[in-house]
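Please have the sequence and the model at hand while reading.

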Amino acid sequence: MKAPELELSRYGDPVLRKTALPVEKFDEELTELADRMIETMRREDGIGLAAPQVGEPLRLIVVDTSHDEAGVHVLVNPEIVSSSAENEADDEGCLSLPGITLAIKRPARVSVKAQNIKGEPYTIENAEGLFARALQHEIDHLNGILLVDHVSSVQRALLRGKLKKITEARHD
Ligand code: NI
């Protein structure tokens, strides 16, 4: 029997603002969570998902900017170890902030140190473009940081109505 689908946490859910906890147990349960996060990401047509977005305050992310089976990265306890001085701005969305797209400036390239689902060292050197952006976005989630934190207070004020709608819709 298939497990019920994971529910997405939306803006306003306190889990999105928590600092996620390091993963210490690399067990069957963790593998299952990662698999189900991949399913959820695909279902929602996303290119990345962080565990807090499915209500689990754990340092686990999945990223797939290639849209093919082999291109999925599952990163446990990921950390950005270096970022380029050069920045790049591009439009970004978030499954937890439906209907919002913002131009966000981030380092163009990053290297990430993490573990794989078995707890083995896993590194990504000099990711760039959309992949670098997705990694930074998902790692932000593990630190309770959302897209709206990257924009000016003026821009954020303009989003107030949309954010209120997302928050209110959560409990419908
Ligand atoms: Ni997001």
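A residue is called buried when its relative accessible area is under 20%. The model discussed here is predicted. Within it, Cys 94 has a relative accessibility of 10% and therefore counts as buried. Cys 94 is also one of the protein donors of a nickel ion.

**Nickel site**

- The nickel ion has as its protein donors Cys 94 through SG, His 137 through NE2 and His 141 through NE2.
- These donor atoms lie 2.1 to 2.2 Å from the nickel ion.
- Along the chain, the donors follow the spacing C-x42-H-x3-H.
- Cys 94 is placed in the loop between strand 4 (87–92) and strand 5 (102–107), whereas His 141 belongs to helix 2 (residues 129–142), so this pair ties together parts that are 47 residues apart in sequence.

- His 141 has a relative accessibility of 1%, and because the limit for buried is under 20%, His 141 counts as buried.
- Cys 94, at 10%, falls in the buried class as well.

**Cavity**

- One cavity of 30 Å³ or more is found in a search of the whole structure.
- The largest cavity holds about 30 Å³ of space.
- Its lining consists of Arg 106, His 137, Asp 140, His 141, Ile 145, Leu 146, Leu 147 and His 150.
- Helix 2 supplies the largest share of this lining, with three residues.
- By class, the lining residues are three nonpolar, three polar and two charged.

Conventions. Residues numbered from 1 in each chain as written. Predicted model: local features only at pLDDT ≥ 70, side-chain atom pairs only at ≥ 80, totals over all residues. Heavy atoms only, no water. Donors = N, O, S within 2.8 Å, 3.2 Å for Na, K, Ca; no water. Helix = DSSP H or I, 4+ residues; strand = E, 2+ residues; numbered from the N terminus. Buried < 20%, exposed > 50% of the residue type's maximum accessible area, 1.4 Å probe, protein only. 1 Å grid on protein atoms, 1.4 Å probe; cavity = no way out; pocket = protein on both sides within 12 Å on 5 of 7 lines; lining within 4 Å. Points joined across faces, edges and corners; volume = space filled by probe spheres on them. Nonpolar A, V, L, I, M, F, W, Y, C, P; charged D, E, K, R; others polar.
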